[in-house]
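Here is a short briefing to keep beside your viewer. Please have the chain open as you read.

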Amino acid sequence: MRKRRLAGAIVTAVFVLLATGCGSSAGSDGKTVVTLFHYKLEASDTFRKIQERFNETHDDIELKIESPNEAITVLKTRLVREDYPDIVGIGGDIDYSNFLDADLFMDISDFEGTAWIKPEYMEIEEQLELLPEDGTYALPYMANCAGILYNRDMFEENGWEIPGTWSEFLELCDGIRAAGITPIYLGLKDTWTCMSPWNSLAVSFASADVCSRVSAGETTFAVEYAETAEKIKALLDLCEPNPYAYSYNDACIAFARGEAAMYPIGSYAAPQILSVNPDMNIGSFTFPAHEDEADNVLTSGVDLQFSVMKECKNKEAAYEVLRFLYEDELVQMYADEQNAIPCKEGEFTLPTILDGMKEYLESGRVGDFHDHHYPSEMSVSGMIQTYLMDDSENAAETFLNRFDTEWIRYNRDLIARLKEYEEGTK
């Protein structure tokens, strides 16, 4: 078996834990126990219902669902201790990529459920592979998306129309400002909030596999991210004064109180906004990055997916749990309770807040969040915040060159392995 490296402090330990494992176990009543470990703490109540329904309808399998605080850290610790769950529910991001690269997940190509998933989300899964893999190692469950949230009532009262192009967006902002209202709220005190407008712009100008192509030496971020860097900087002329003084919480509150007409953030912000103003009529639309609406792409990634651990001792029991999770009724229940987007094909009802994005979701005009592919050690959100605060004439050049330099620094080993892989396939 090819040895791989898991980024972070548990590199050496992971190689040790691959040798043995716990897997599924037998309960005191003779049932096969399947443990599902997930990172969606906010969905604990939903998963509790799923666990109860499964155990009420299965005589031979007992499902145990765990949802701890700091789940990814807890999972890494458990892996070092060789305390394996059977199924892991995590996001489609760099953590998944690193676990996959460490050869921790089972190939589930033989599971019939792989045919249930929308092709665009299966494609996103493939893009998360650090090195090309044979097989399928994750089953997307729920997606999320990001673009621009807007105050529907405010738009209707003023006769403002949803923009489809960058020029229309700028014209809209001029009209909003003329009405004495701040066009957008950013709240960039928390560096991570920089990633929402960044992702929503980047996905229209560069495919999510840009990181792999840069690592392969096929292109550079200076080329691929030039227009993204230019347009995110332009947002500073449209937002609240000194956005670095306001946090994510501040931005949600300000938007809820009508202090801005729009908020470039993900749909995940809706519950917090509504907690401030339960009667707010929130709409959404895809970020109009291009001058041709047909070129715009909706930022949408896999928020929750399931992988079967390679050390699982009862694959068929784990598969039965997956079949249950993907029953239409359960999928709709999760989507309703968590304002999520089903990755499964079918006629599911989406949250009304996503009405403006439905056309993109239904046609598959989506691309993954670019930051799902950035190593955490690189601190890209901090780099973007620093760039936005840089008023020098060569700020963009400095930022983009730094992006390329830091990418090589934090991905040196991966770049070498990609080169070795490419040479081995010639």
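At 48% relative accessibility, N242 is partly exposed (a class between buried, under 20% relative accessible area, and exposed, over 50%, with a 1.4 Å probe and protein chains only). This is a predicted model, where local features need pLDDT of at least 70 and side-chain atom pairs count only at pLDDT 80 or more, while totals for chains, interfaces and linings use all residues. Residues are numbered from 1 along each chain as its sequence is written, and side-chain values use heavy atoms, leaving out hydrogens and water.

**Positive phi**
- N242 is not a glycine, yet its phi is positive, about 50°.
- You will find N242 in the loop between α11 (226-234) and α12 (248-256); helices (H or I, at least four residues) and strands (E, at least two) are DSSP runs numbered from the N terminus.
- E70, also not a glycine, has a positive phi of about 50°.
- The loop between β3 (61-66) and α3 (71-80) holds E70, which is exposed at 62% relative accessible area.

**Strand β9**
- In β9 (residues 282-285), I282 and S284 on one side and G283 and F285 on the other are all buried.
- β9 pairs antiparallel with β6 (residues 148-151) over four bridges; pairing takes at least two DSSP bridges.
- F285 of β9 is the bridge partner of I148.
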